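Here is a short report for a first look at this structure. Keep the sequence and the 3D view at hand.

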Amino acid sequence: MKTFRIRDIFILGLMNFALFVGAGNIIFPPFIGLQAGTSVWAAAAGFLLTGVGLPVVTAMAMAKAGGSLAHITQPVGRHCGMLLTIICYLCIGPLFATPRTASVSYELAIQPFTESERWLPLWSIAYFAIVILVSLYPGRLLDTVGKVLSPVKIIALLILAITAIILPAGKPQQPVSAYATAAFSEGLTNGYLTMDTLAALVFGLVIVGAIQSRGVTSVRLVTRYAVLSGLIAGAGLALVYLSLFRLGTGSTGLIENATNGAQVLGAYVHFSYGTAGNIFLGVLITIACMVTAIGLTCACAGYFSSITRISYRTYAWFFAAFAMLVSNLGLTHLITVSVPILTAVYPVFVVLILTYFIRGWFQSAPRVVRPAALIAFLFGLADALEASGITLKPFILARQLPLHDQGLAWILPVLSIMVLAAGLDRVKGPVQTTACQERRSCEKPGMP
C-alpha cells in the first residue's frame, strides 16, 4: 500500500498553503492594520476566526468527505445542494476570486511603474495564458506547485514578514471608520472576503486528487494526509496574516486615501526597499496569485466536467477566458460587488460545514440541518441587503438581535432552531426508507 513520508506530507501542506495564499490573503490584512490602528488585535481576532479557523475546519470536513462538496450539502437535498455547490464554485472561480488574482497582481507588479490601468487587458491575457498552461495538466500540480512555486512564495513572504517586524514605517494611528466602534466585526467580515472557507470547499477535491495521483488508495490515509495538509496551511496562513497586520499598522503616513490593501503594500515596500522593493513585491504577488488562480481553475473545471458531458480541458479554457474578461473591471470594483453575495452565502456554508461533524447524532440529519441552513440564509440575505444599502421591513428586526454589530446575528437563531429541530427529530425517531430510497442513497450525492 502506497504511503506518504513526512517530507511528502510537508510538501502537500506547502501546496495547500500556496493554493490559499492568493489575492485576498495578502491585500486585506495590511488595509485592516492601517485602518484599525491601535484596535488592530481586536480586528485581527475576528479576521483569524473567519480567515483561518473556518478554512481549517472546512479542510478537515472536506478530507473526511473525500473531497466531495456534495457530501457536505447532502442534508439540504439534491437540487438545493447542487445549486449551493454551483454558487460556491462560481464565486470562488470565474466570478470573483480568480479574476481578483489578476487584478491584484497587476496593481502591484505593473501599475507602480506605468501609473495607469490601460495595460491591464494585455496583462490579463499573458497572466491567464500561463494559468491555463498549467491547469491543463492537473495531475502535475504537486510537482509544479508543491515543489517549485510554493517554496519561492514562502521565501518571499518570509522576507516581507521579517521586514514588517523590524522596519515599521510609523506608529499605529487611531482606528478610523467602523474600526473605531466595531473592530472585531469588521475583521470578521473581511475574513469572509478572503473567500478561504469557500476555497477550502473547492480545494478539498484538488488536495484529495493530488494525494491519489501519488498512488495512495486507502481512504483512511487520504483523509489523514488531507487533514494534516490543512493544519500546515492554517498555521502558515496565521503567521502570514499576523506579519501583514503588523505591516499595515506600521504604514501610517506612507499613503493617503488608500482604497485597498494593494496600495498599502506597494507604499510600504517602496518605503523599505525603493524601486527594487516594488519589483520584489510584484514578483511575489504574481506568483502567489497565479498559484491560487491555477488551483481554482483546476477545481472549477474538474467539478463542472464531473456533472456534465463537457470535457475538463474545455471548462479550463472557458473559465480562464471568462475570468480574464472579468478581471478587467479592476480590483476595487470587484471587491465592492463581491461583498453582498459573499455575506449572503457564507452563513449557509458555515452551518453545513460545522454540522457535518455531528450529523451522526441525529435520527435524520435533513430534519435538523435544513431549517438551520434556511435561517442562516435569511439572516445572511438581510446582512447582504444592508451592505448594499437596501432596507426591507421584515429584515429590520435582525438589527435588534445580539451580535448584530459583530456580523453574527444569525448565530443565536440558528442554534435555537437546531435545538428545537433536534428535539423534534428525537421524538419522530428514525426515518423509514423504502427500497427505492435506499437505492438512491447509494448513488453519488450531487450527481444528476
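## Arg313

In which helix is Arg313 found? Arg313 is in helix 15, residues 312-327. Helices here are DSSP runs (H or I, at least four residues), numbered from the N terminus.

The model is predicted: local features need pLDDT of at least 70, side-chain atom pairs count only at pLDDT 80 or more, and totals for chains, interfaces and linings use all residues. Residues are numbered from 1 along each chain as its sequence is written, and side-chain values use heavy atoms, with hydrogens and water left out.

Arg313 has a relative accessible area of 41%, so it is partly exposed (buried is under 20%, exposed over 50%, partly exposed in between, with a 1.4 Å probe and protein chains only). Arg313 touches Leu136 and Tyr137, leaving aside residues up to four places away in sequence. Contact means heavy atoms within 4.5 Å.

## Helices 5 and 11

Helix 5 (residues 78-95) packs against helix 11 (residues 196-212) at about 95°, with axes 9 Å apart. That makes helix 5 roughly perpendicular to helix 11 (angles of 65 to 115 degrees). Axes are lines fitted to C-alpha atoms over the stretch in contact, and angles run from 0 to 180 degrees between N-to-C directions.

From helix 5 come Cys88, Tyr89, Cys91 and Ile92; they meet Leu198, Ala199, Leu201, Val202 and Leu205 in helix 11.

## Around Ile211

Ile211 touches Phe4, Leu12, Val216, Val222, Tyr225 and Ala226, again not counting residues up to four places away in sequence.

Key
Helices (H or I, at least four residues) and strands (E, at least two) are DSSP runs, numbered from the N terminus. Angles under 35 degrees count as roughly parallel, over 145 as roughly antiparallel, 65 to 115 as roughly perpendicular and the rest as oblique.
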